[in-house]
Amino acid sequence: MAFVELDVEKLKANFDLLKERFEEYEVEWGIVTKMLCGNKLYLQEVLNLGVKEIHDSRISNLKAVKELDPTVQTVYIKPPAKRSIKNLVTYADVSLNTEMVTLKLINDEAKRQDKIHKVVIMIELGDLREGVMGEKVVDFFRRVFELSNIEVVGLGSNLNCLHGVMPSPDKFIQLNLYKELIKAHFDFEIPSISGGTSVVLPMLFRKQLHKSVNHFRIG
């Protein structure tokens, strides 16, 4: 039978190294735990490190995290399905979104639960996995800002995920320009640019990453 063995010492060594580097560059980050499949024993070892934010692609896994520690910020990193909206709002504090119809459903459910649901709006930068197209960004945000129970906390991107489009300084400059465009149109400062994933770490360490990228999602 196949099994996964967790080396707690190596996990801590990796976490401490990343924590030190991210603090040096003043970058916030969350840990992607989807490969742990909601196993509470392993999740607890991750939480024991002092993790403040956990990302996952399964709502059942985020439910397990909340049962272990309700104070940890949970982030759903897959485009939400309509059938999962109720549980999404219940167990995820934040979600990554691209579709207006989905955001309206989340907004309605957040009203029912008397919550403000935080969202990171994904922007398409070439990988074609997900994201609002550049020419539609202003109109999209105009409609998002009309939703009473949705709080925009970031812009995001996915690179080297579906079609192998690699991250580059130009891609992140482009992402920052969308942030500036939204500020100019709506006088709204988006707090976070969540452009960082594990594949972007070398750019950070080589100081090639645009300073506006201040949030990473690390597996």
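A nonpolar core is a set of buried Ala, Val, Leu, Ile, Met, Phe, Trp, Tyr and Cys residues joined through side-chain atoms within 4.5 Å. Buried means under 20% relative accessible area, exposed over 50%, and partly exposed in between, with a 1.4 Å probe and protein chains only. The model described here is predicted, so local features need pLDDT of at least 70 and side-chain atom pairs count only at pLDDT 80 or more, while totals for chains, interfaces and linings use all residues. Residues are numbered from 1 along each chain as its sequence is written, and side-chain values use heavy atoms, with hydrogens and water left out.

**Cores**

The largest nonpolar core holds 55 residues. Phe 22, Ile 121, Ile 123, Phe 141, Leu 155 and Phe 216 have the most contacts inside it. Contact means heavy atoms within 4.5 Å. Leaving aside residues up to four places away in sequence, Phe 141 touches Ile 121, Val 152, Leu 155, Ile 182, Phe 186 and Ile 190. A second, separate core has eight residues, among them Ile 77, Val 120, Met 122 and Val 153.

Helices (H or I, at least four residues) and strands (E, at least two) are DSSP runs, numbered from the N terminus. Strand 1 (residues 28-32) is largely enclosed by the rest of the structure, because four of its five residues are buried. Two strands pair if DSSP finds at least two bridges between them. The pairings of strand 1 are listed below.

| Partner | Sense | Bridges |
|---|---|---|
| Strand 9 (residues 215-218) | parallel | four |
| Strand 2 (residues 53-56) | parallel | two |

Ile 31 has Ile 218 of strand 9 as its bridge partner, and Val 32 stands opposite His 55 in strand 2.

Helix 5 (residues 100-112) has 13 residues and reaches 19 Å from its first C-alpha to its last. That is close to the 18 Å expected at 1.5 Å a residue, the expected span being 1.5 Å times one less than the number of residues. Its buried residues include Met 100, Leu 103, Ile 106 and Ala 110. They are covered by elements including helix 4 (85-91), strand 4 (94-97) and helix 6 (137-144). After helix 5 comes Asp 114, with a positive phi near 55 degrees.

Ser 95 is found in strand 4. Why does Ser 95 count as buried? Ser 95 counts as buried because its relative accessibility is 0%. Not counting residues up to four places away in sequence, Ser 95 touches residues including Tyr 76, Leu 88, Ile 106 and His 117.
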